Amino acid sequence: MMNRSSVLQIVPRAPGIHDGVGDYALTLARNMRDRFGRDTIFAAAVVAEAVCDKSAEMPKEFEAIPLAGSLTRNVEHVILHYVNYGYQKRGVPFELLSILRQLRRDCSGRLLTIFHELYASGPPWTSAFWLRPLQTRIARSIAQLSDTCIVSSETLLAYVKRLTPQVNARVRPVPSNFGEPALTSDQLTNRSPRRWAICGGTASVERSLRSLRAIMNRIPDFFSPQELFIIGGKENQAIRSLLLDLPNIRTEYRPDISPGDASQVLSSCSLAWLDYFHRTDVPTDVILKSSAFAAVCAHGVIPIFPNRGSIISLERDLLPGPFFVDRNSHQLPAVEDRAKISADFYNWYVRHASSAQLAHDVTSALGIAANA
């Protein structure tokens, strides 16, 4: 039952199905409960999906209700996790906009929107191209309704400010969905430089494995993979097939892995291959919305991309690299700097992207004091 100290988090799908946005919302809910004494109720466009997925477990410590149900009973604050296609199959969730307007009228607290996505883009033969004006209008309306917004990168902040120049918004990268271990200098140093990982959702893991295979012979000997761990996503036969003929590499495929087990694997790896972008013209700091990128940084694993990219920074605090290997060239850490660069990624994550930093920003925006 909701009480006056409850926070309503609106999500596309109820947490518990190893979904990036759901994992983010669940991590935030646990931090708000443990650090600030605030319970969370989830209002989800899809509630029953997690129950149908036998590999997932609904978190029992939180209640999930349908988004179409009664949302205003004793709700103090509202957090919207906005992914336009998560609420309507064409990415134009006008019904969600109506729900938000009703909540604004009926709730005494604040509305905070976390923009995981703003709108889609695509070539003229796709619906995304023709529906983008409507998607943009909805995103603008949501930003205007919100007391404050959170985005994951300075690039996304610039997009939001172009939509709504007066928006009150701040940047906080997505936190790791595979844990946040406290690592010592020795734990970062004593790793094989030839131990690699690929992690993420099913589609991104398969895409990353395909592109890594294509440039494997371009990787210098010192970093050439001897061990490759593929973690996350769902069981996928295409991924298993791609692993069959990798020469002289020990591979381990762990779909549906628990966060604790994933953390143990990542804590032993030096490098991670991330093929995240579908287009090469996207600023690389957009990767800060990726929970897979967050996970490797949180474990001091150095991310390697398949293309040369632009710098990644927040508040003028730059990450090393970005490092890449493509068919024609590469930029990898100097051999003697590998451990230091691992520590740089880990410490940057602690400063800017940890779940504690996220919870602090969210509760501050909502006007919630610690231990309230």
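These legends walk through a few close-up views of a predicted model. Residues are numbered from 1 along each chain as its sequence is written, and side-chain values use heavy atoms, leaving out hydrogens and water. Because this is a predicted model, local features need pLDDT of at least 70 and side-chain atom pairs count only at pLDDT 80 or more, while totals for chains, interfaces and linings use all residues.

View 1. His-77 counts as buried, at 6% relative accessibility; buried means under 20% relative accessible area, exposed over 50%, and partly exposed in between (1.4 Å probe, protein chains only). Its side chain reaches the backbone nitrogen of Arg-110 at 3.0 Å and the backbone oxygen of Leu-366 at 3.4 Å. Leaving aside residues up to four places away in sequence, His-77 touches Ser-6, Val-7, Leu-8, Arg-38, Gly-109, Arg-110, Leu-366 and Ile-368, where contact means heavy atoms within 4.5 Å.

**View 2. Phe-42 meets Phe-62.** Searching the whole structure turns up six aromatic pairs; rings of Phe, Tyr and Trp (its six-membered ring) pair if their centres lie within 6.5 Å, with planes under 30 degrees apart counted as stacked, over 60 as edge-to-face and the rest as tilted. Phe-42 and Phe-62 are edge-to-face, because their ring centres are 5.8 Å apart and their planes sit at 85°. Phe-42 is in strand 2 (residues 40-46) and Phe-62 in the loop between helix 2 (49-52) and strand 3 (63-66), 20 residues apart. Phe-42 is buried at 2% relative accessibility, and Phe-62 is buried too, at 9%.

**View 3. Tyr-82 and Phe-115.** This pair is also edge-to-face, since the ring centres of Tyr-82 and Phe-115 are 5.7 Å apart with planes at 85°. Tyr-82 lies in strand 4 and Phe-115 in strand 5 (residues 111-115), so the pair ties together parts 33 residues apart in sequence. Tyr-82 is buried at 0% relative accessibility and Phe-115 at 3%. Together with Tyr-87, they form one aromatic cluster.

View 4. A cis peptide bond joins Gly-321 and Pro-322, with omega about 5°; Pro-322 lies in the loop between strand 14 (317-318) and strand 15 (323-325). Asp-256 isn't a glycine, yet has a positive phi of about 50°, and is partly exposed at 34%. Arg-316, not a glycine either, has a positive phi of about 65° and counts as exposed, at 81% relative accessibility.

Definitions and conventions
A polar contact is a pair of N or O atoms within 3.5 Å; within protein, one must be able to donate a hydrogen and the other to accept it, and residues adjacent in sequence count only if both atoms are side-chain atoms. Helices (H or I, at least four residues) and strands (E, at least two) are DSSP runs, numbered from the N terminus.
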